[in-house]
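Biologist: I want to learn how to read side-chain contacts in a model. Please take me through one.

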Amino acid sequence: MRHLVVRLTVVCVSAALMGVAPTVGVDVMAHEGATGIVKTRMDRFKSSKTSLQDIKRGLKADNWTGLSDEAKELNRWAHEMPSYFPKGSNAPPSEARPAIWQDWDGFMQAVVAYRQASAELVKAI
């Protein structure tokens, strides 16, 4: 039962992260030339993607080692994320879309959904 709950929660976290990711850009991996907060932001999204993949692999192999740490890192990023989007940080090579700043409330709704889903994942694991 626990396995099923965690799997469903991972799906919710993935969906919530995808709710944030479209506002950031299609390819958050392509951060050639990025520096400072833009590079850190891109690295954090890449790390989140890796954490989700690791959790999915662990569940598939029924290996729970480290899954709690990965889930906690996703939740930590969910809480820190808005501070990585200060005004003016969308100049190239940033792939963050202007919509983040134009519709900050909408962006924050997506972030809150990600926070909630990642908190549920932490509890489930």
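Modeller: Start with Lys39. This residue is partly exposed, with a relative accessible area of 32%. The scale is simple: buried is under 20% relative accessible area, exposed is over 50%, and partly exposed is in between (1.4 Å probe, protein chains only). Note that this is a predicted model, where local features need pLDDT of at least 70 and side-chain atom pairs need pLDDT 80 or more, while totals for chains, interfaces and linings use all residues. Residues are numbered from 1 along each chain as its sequence is written, and side-chain values use heavy atoms, without hydrogens and water.

Biologist: In which helix does Lys39 sit?

Modeller: First, the rule. Helices (H or I, at least four residues) and strands (E, at least two) are DSSP runs, numbered from the N terminus. Lys39 belongs to helix α2. That helix covers residues 36-60, 25 residues in total. From first C-alpha to last, α2 reaches 36 Å, close to the expected 36 Å. The expected span is 1.5 Å times one less than the number of residues. After α2 comes Asp62, with a positive phi near 55°.

Biologist: How far is Lys39 from Ser94, in sequence and in space?

Modeller: They are 55 residues apart in sequence, but 8.0 Å apart in space, C-alpha to C-alpha.

Biologist: Now salt bridges. How many does a search of the whole structure find?

Modeller: A salt bridge is a side-chain nitrogen of Lys or Arg within 4 Å of a carboxyl oxygen of Asp or Glu. The search gives six. One joins Asp43 and Lys39, at 2.9 Å from N to O. Both lie in α2, four residues apart, about one turn of the helix. Asp43 is partly exposed, at 30%. Arg57 and Asp54 form another bridge, at 2.5 Å between the closest N and O atoms. They too lie in α2, three residues apart, about one turn. Arg57 is exposed at 51%, and Asp54 is partly exposed at 26%.

Biologist: With which residue does Arg44 form a salt bridge?

Modeller: With Glu80; the closest N and O atoms are 2.7 Å apart. Arg44 is in helix α2 and Glu80 in helix α3, so the pair ties together parts 36 residues apart in sequence. Arg44 is buried at 14%. Glu80 is partly exposed at 28%. Salt bridges link Arg44, Glu73, Arg76 and Glu80 in a network.

Biologist: And the rings? How is a pair of aromatic rings described?

Modeller: By the distance of the centres and the angle of the planes. Rings of Phe, Tyr and Trp (its six-membered ring) pair if their centres lie within 6.5 Å; planes under 30 degrees apart are stacked, over 60 edge-to-face, and the rest tilted. Six aromatic pairs turn up in the whole structure. Trp77 and Tyr84 are edge-to-face, at 5.3 Å centre to centre and 65° between the planes. Both are buried.

Biologist: Why is the pair of Phe85 and Trp101 tilted?

Modeller: Their planes are at 55° and their centres 6.1 Å apart, so the pair counts as tilted. Phe85 is in the loop between α3 (67-80) and α4 (99-102), while Trp101 is in α4, 16 residues apart. Phe85 is buried at 2%, and Trp101 is buried at 18%.

Biologist: What lies over the face of Phe85?

Modeller: A charge sits over a ring if NZ of Lys or CZ of Arg is within 6 Å of the ring centre and within 35 degrees of the ring normal. Here Arg41 lies over Phe85, 4.5 Å from the ring centre. Arg41 is among the buried residues of α2.
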